[in-house]
Amino acid sequence: MAEETGSYNQIVLEHFNYPRNMGEMENPDGVGEAQNPVCGDTMRLFIKVETDRIIDAKFLTFGCGAAIASSSITTEMIKGKTIEEALMISDQVIAEALGGLPPTKVHCSILAEKAIQAAVLDYQNKIYPPTHFRKGG
Ligand code: FES
C-alpha cells in the first residue's frame with residue numbers, strides 16, 4: 001500500500017528513497033529483531049563486531065517510510081561505535097538525526113532502538129553465553 005510521505009522532511013525522504021546498508025549480512029556477530037506491536041512493522045539488524053566495536057551494520061525492515069529511514073540512519077550511526085556507545089542511541093537520538101519525524105511517526109524510531117538492543121544482546125550472548133545451565137547428575 002502506498003504511504004503518504006508528504007509529511008516527511010528531506011532527510012527522512014532521502015533515507016527512505018535511498019536506504020543505506022539495506023540487506024542481509026553474512027555471518028553477523030549479532031542479529032536483533034524488533035517489532036512494533038501496534039502496526040506489525042518489523043526490523044532486523046545485523047552487526048559485525050571487532051574488539052567490542054561495531055565495524056559493520058545492515059538491516060532488513062518491513063515497515064513504513066519512517067521505519068525504513070530510521071533503520072537506514074541507525075546503521076550509519078552505530079558503525080564505528082563501541083557496544084556501550086551504541087546502546088546509548090535512543091529512539092529520540094535517531095529521530096533527531098533524521099531532523100525529526102511527523103508526530104504520528106515518532107514511535108517508528110523505537111523499532112530501531114529496540115533492534116540495536118536486541119542485536120547487542122545476541123552478540124553478548126554469543127561472546128558470554130548465559131551460565132544458567134545446571135550440571136547434570
Ligand atoms: S507505522 Fe509502523 S513503524 Fe512506522
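Colleague: How many bridges join β2 to β3, and how do the two strands run?

Modeller: This is a predicted model. In it, β2 and β3 run antiparallel and are joined by nine bridges. Within that pairing, L45 stands opposite F59 in β3.

Colleague: What do β2 and β3 form, and how many residues lie between them?

Modeller: They form a hairpin with two residues between the strands. T51, in the turn, has a positive phi of about 40°. D52 is found in the loop between β2 (42–50) and β3 (53–62), and its phi is also positive, at about 65°, although D52 is not a glycine.

Colleague: Is D52 buried or exposed, and why?

Modeller: D52 is exposed, because 12 other C-beta atoms lie within 10 Å, and a residue with 12 or fewer counts as exposed.

Colleague: How many bridges join β1 to β2?

Modeller: Six bridges join these antiparallel strands. Q35 stands opposite T42 in β2.

Colleague: At what angle do α1 and α2 pack?

Modeller: They pack at about 85°, with their axes 8 Å apart. The two helices are therefore roughly perpendicular to each other, a class that covers angles of 65 to 115 degrees.

Colleague: Which residues meet there?

Modeller: From α1, V12, H15 and F16 take part. They meet G65, A66, I68, A69, S72 and I73 in α2.

Colleague: Changing topic: which residues touch the most other members of the largest nonpolar core?

Modeller: They are M43, L45, I47, A115 and I116, in a core of 32 residues. At least two core residues come from each of α1, β2, β3, α2 (65–78), α4 (91–97) and α5 (108–127). The largest share, eight residues, comes from α5.

Colleague: What is I116 in contact with, leaving aside its neighbours within four places in sequence?

Modeller: I116 is in contact with G32, L45, T74, I78, A86, L87 and I89. One of these, L45, is also among the residues that touch the most other core members.

Colleague: Where is I94, and is it buried or exposed?

Modeller: I94 is in helix α4. I94 counts as buried because it has 23 C-beta neighbours inside 10 Å, and the class requires 20 or more. Apart from neighbours within four places in sequence, its contacts are S70, I73, T74, I89, S109, A112 and E113.

Colleague: What separates I94 from T104?

Modeller: Their C-alpha atoms are separated by 16 Å, and the two residues are 10 apart along the chain.

Colleague: Finally, the whole chain. What pattern does the protein follow along the sequence?

Modeller: The pattern is α-β-β-β-α-α-α-α, which comprises five helices and three strands. The radius of gyration is 16 Å, close to the 14 Å that the globule rule gives for 137 residues, so the protein is as compact as a globular protein of that length. Along the principal axes, the C-alpha atoms fill a box of roughly 65 × 30 × 25 Å.

Colleague: What percentage of the residues is buried?

Modeller: Buried residues make up 37% of the 137 residues. As for contacts between residues at least 6 apart in sequence, 62% join residues at least 24 apart.

Notes
Residues numbered from 1 in each chain as written. Predicted model: local features only at pLDDT ≥ 70, side-chain atom pairs only at ≥ 80, totals over all residues. Helix = DSSP H or I, 4+ residues; strand = E, 2+ residues; numbered from the N terminus. Pairing = 2+ DSSP bridges. Rg over C-alpha atoms; globule rule 2.2 N^0.38 Å. Contact = placed C-beta atoms within 7 Å. Core = buried A, V, L, I, M, F, W, Y, C linked by C-beta atoms within 7 Å. Axes fitted to C-alpha atoms, helices over the stretch in contact; angles between N-to-C directions. Parallel < 35°, antiparallel > 145°, perpendicular 65-115°, else oblique.
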